[in-house]
Amino acid sequence: MGSAGRRVLPRFLSLLLYFGLLLTSITVSDIFITVTVIRRQTMRDNAKGGALTEVTFYILLSLYTPKHGYTVMQFIEEKTDGRLSLGAGTLYGALNSLQDKKWIEPYGDSEGRKKEYHITAQGKEIAEKELARLNELVSIASEIIGGAV
């Protein structure tokens with residue numbers, strides 16, 4: 001790519017925040033790659049019966065018992081031994097998306113700062129399908145690898 005293609009875009013684009021990453025200097029090719037990755041991730045969640053993202057699955061699991069956002073973050077971090085640690089922006093974006101899909105809904109008196117959520121019947125159906133998909137995957141992998149998991 002020539003020097004013209006490597007020119008840094010105007011400063012306002014460097015302020016973009018996506019999934020907890022602050023982009024300080026980006027090129028046109030960076031934007032294309034970022035948009036492609038984001039598009040794939042948002043389309044991944046159960047599109048045509050496909051896999052949920054790991055974060056989505058953990059959020060749904062956490063909400064079998066009503067929780068507010070901070071408690072969801074703690075649940076995920078605890079269950080993954082710190083491997084997954086969500087920022088507030090990422091979590092609340094995901095919660096809004098799951099609400100739009102009708103997989104979760106506000107619970108009880110949701111006024112004030114600590115809004116609680118719980119999983120809906122549709123969300124439970126999605127989580128159960130994901131569990132079945134993962135069990136099938138583990139079964140096939142165990143057959144191939146020889147149970148050395």
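Trainee: What makes the charged end of K101 count as sitting over the ring of W103?

Mentor: This is a predicted model. In it, the charged end of K101 is 4.8 Å from the centre of the W103 ring. The distance cut-off is 6 Å, with a limit of 35 degrees from the ring normal. K101 therefore qualifies as sitting over the ring.

Trainee: Why are α2 and α3 called roughly perpendicular?

Mentor: Helix α2 covers residues 54–62, and helix α3 covers residues 69–79. Their packing angle is about 115°. The class runs from 65 to 115 degrees, so the pair is roughly perpendicular. The axes lie 10 Å apart. The crossing of α2 past α3 is right-handed.

Trainee: Which residues make that contact?

Mentor: From α2 come Y58, I59, L61 and S62. From α3 come V72, F75, I76 and K79. By class, six are nonpolar, one is polar and one is charged.

Trainee: Why is α2 also called roughly perpendicular to α4?

Mentor: Helix α4, residues 88–100, packs on α2 at about 75°, with the axes 11 Å apart. That angle falls in the 65 to 115 range, so the label is roughly perpendicular.

Trainee: What does α2 use to meet α4?

Mentor: T56, I59 and L60 of α2 meet L91, A94, L95 and L98 of α4. This contact has six nonpolar residues, one polar and no charged.

Methods:
Residues numbered from 1 in each chain as written. Predicted model: local features only at pLDDT ≥ 70, side-chain atom pairs only at ≥ 80, totals over all residues. Heavy atoms only, no water. Axes fitted to C-alpha atoms, helices over the stretch in contact; angles between N-to-C directions. Helix = DSSP H or I, 4+ residues; strand = E, 2+ residues; numbered from the N terminus. Parallel < 35°, antiparallel > 145°, perpendicular 65-115°, else oblique. Left-handed = near helix turned anticlockwise from the far one by under 90°. Contact = heavy atoms within 4.5 Å. Nonpolar A, V, L, I, M, F, W, Y, C, P; charged D, E, K, R; others polar.
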